[in-house]
Amino acid sequence: MAKSVTHFICQNCGAEFPKWAGKCEQCGEWNTLVETIVSSKRPTKLQRSGTGIVRFQEIKSREVERETTGIGELDRVLGGGLVAGSVVLLAGEPGIGKSTLLTQLALCLGVKTVGSVLTVLYVCGEESPEQIKLRINRLSNKDAPSLRKGVSLSFLPTTDVDEAIVQAGGPALMIVDSIQTMATTDLTGMAGSVGQVRESAFRLLNFAKETGTVVFLVGHVTKEGAIAGPKVLEHLVDTVLYLEGDKNHVFRILRCQKNRFGPVDEVGVFTMAAAGLIEVTNPSDVFLEERQKNVPGSCVAVVMEGTRPMLVEIQALVIPSQLAVPRRVGNGVDQRRLQLLVAVLSKRLHLPLGTDDVYVNVAGGLNLQEPAADLGICLAIVSSFKNKPVGPKTAVFGEVGLLGEVRKVSWSEKRVKEAKKLGYT
């Protein structure tokens, strides 16, 4: 039997070293050595053959079978439901609602128990089972699934990935909270290190493919907002979900950054409440719920979140500046894009904004990325500058170019249809 040993491999140039060092001696890069399990015995040609070559004509086509989660917005983002044997990585800021969403998922699927078959296993590496039970009791009200008799939901408090795989058996759903707390004794690095995260994810991936278990991994994020750990973690898994939102607002947006079994342009919208994450089936109504009409500096823009059109309110405030360099502050819009649009308004519309502070805010905490919001931003700024309100039945969309022209954007018909549905003319 081949003996497993560990080497430290540079992630930049691939050089191998017997022990860790802060700097790679080959390429000179810092903090690129990662502990990796290697075998002291090379596999034979017979072992390397695997299952053999499969011709294209021999592959049998079949539809991907999905299991609905009971959470409509989550099903939308996943492409229709869960696929057996898939591994899903859910990342997001601390306190944004990752564990809450997965607890609701565990409750929904835990109801679908068959006899004594273990349906859901919650591997809690960060919290104790008692802490999770407190969250379940909070979620178990009229708006969320209750822990009634017959729910198959079990917990495994461990940070050893090998113990979790051995004791899991073959549940329908396995939740690992979080992948950064899991480790294997085959590596000497501490939990959360690059080598431990990669090896733990690889073993959970093999477990999912062998047993058909759907595995959800909770991932931490860095200070810059990227998913913590090696980039190979995102390459290993089948689906990468990102839960985002402003913790000062109730809205949460679930985005799909990668999906091997469905589209990546769908988003799910939730509101955070005492009963957990509540689905928002019509986001436009919610985002415009508190809008004040006939007030200068407010404009309704039609934006696309995935393939779903949404109407949001863009607010602007233009006031004389007390500084030598006027401020350009954007909340929910790109700062550089805002500066560009202010420059276009100053040049093409001859608005004297050079001595004014310009503040732009997207109501509700939504973060707009697409250029179709340009026209709404410009109209809100002009409205505030001239102190004239935009028509209460006006909804706009369009990209603004450097020459001051309004350019076409995608999904125009869907945007118009959504605006008309809400009474905008």
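Me: Is Cys-27 buried, exposed or partly exposed?

Reply: The general idea is relative accessible area, found with a 1.4 Å probe on protein chains only: under 20% is buried, over 50% is exposed, and anything in between is partly exposed. Cys-27 has a value of 30%, so this residue is partly exposed. The model is predicted: local features need pLDDT of at least 70, side-chain atom pairs count only at pLDDT 80 or more, and totals for chains, interfaces and linings use all residues. Residues are numbered from 1 along each chain as its sequence is written, and side-chain values use heavy atoms, with hydrogens and water left out.

Me: How many disulfides does the structure have?

Reply: A disulfide is a pair of cysteine sulfur atoms within 2.5 Å. Searching the whole structure gives zero disulfides. For Cys-27, the closest cysteine sulfur is that of Cys-24, at 3.6 Å, which is too far for a bond. Cys-299 is in no disulfide either, its nearest cysteine sulfur being 9.8 Å away in Cys-378. Cys-299 is buried, with a relative accessibility of 0%.

Me: What is a salt bridge, and how many are there?

Reply: Side chains of opposite charge can pair when their charged atoms come close. The rule used here asks for a side-chain nitrogen of Lys or Arg within 4 Å of a carboxyl oxygen of Asp or Glu. The count by this rule is 18 salt bridges.

Me: Which residue pairs with Asp-238, and which parts does the pair tie together?

Reply: The partner is Lys-209, and the closest N and O atoms are 2.8 Å apart. Asp-238 is buried at 3% relative accessibility, whereas Lys-209 is partly exposed at 44%.

Me: Which residue forms a salt bridge with Arg-327?

Reply: Arg-327 pairs with Asp-357, with 3.6 Å between the closest N and O atoms. Arg-327 is in the loop between β16 (308–320) and β17 (328–331) and Asp-357 is in strand β18 (residues 356–362), so parts 30 residues apart in sequence are tied together. Arg-327 is partly exposed at 37%, and Asp-357 is buried at 3%.

Me: Where is Arg-203, and what does its side chain meet?

Reply: Arg-203 belongs to helix α6 and is buried, with a relative accessible area of 15%. A polar contact is a pair of N or O atoms within 3.5 Å; within protein, one must be able to donate a hydrogen and the other to accept it, and residues adjacent in sequence count only if both atoms are side-chain atoms. The side chain of Arg-203 makes one with the side chain of Asp-186, at 2.8 Å. Contact in general means heavy atoms within 4.5 Å. Beyond its neighbours within four places in sequence, Arg-203 has contacts that include Ile-37, Val-161 and Thr-184.

Me: Which residues of helix α5 are buried?

Reply: In α5 (residues 161–168), the buried residues are Val-161, Ala-164 and Ala-168. Viewed down the helix axis they fall within an arc of 60°, so they line one face of α5; the arc is that of the directions from the helix axis to the C-beta atoms. Their cover includes β7 (120–124), β8 (153–156), β9 (173–177) and α6. At the N-terminal end, Asp-160 caps α5, with a side-chain oxygen 2.9 Å from the backbone nitrogen of Asp-162. After α5 comes Gly-169, with a positive phi near 75°.

Me: How many residues of strand β10 are buried, and which strands pair with β10?

Reply: In β10 (residues 214–219), six of six residues are buried. Val-214, Phe-216 and Val-218 point one way, while Val-215, Leu-217 and Gly-219 point the other way. Two strands pair if DSSP finds at least two bridges between them. Strand β6 (residues 87–92) pairs with β10 in the parallel sense over five bridges, and Leu-90 has Val-218 as its bridge partner in β10. β9 also pairs with β10 in the parallel sense, over four bridges; there the bridge partner of Val-176 is Leu-217.

Note on methods:
Helix = DSSP H or I, 4+ residues; strand = E, 2+ residues; numbered from the N terminus.
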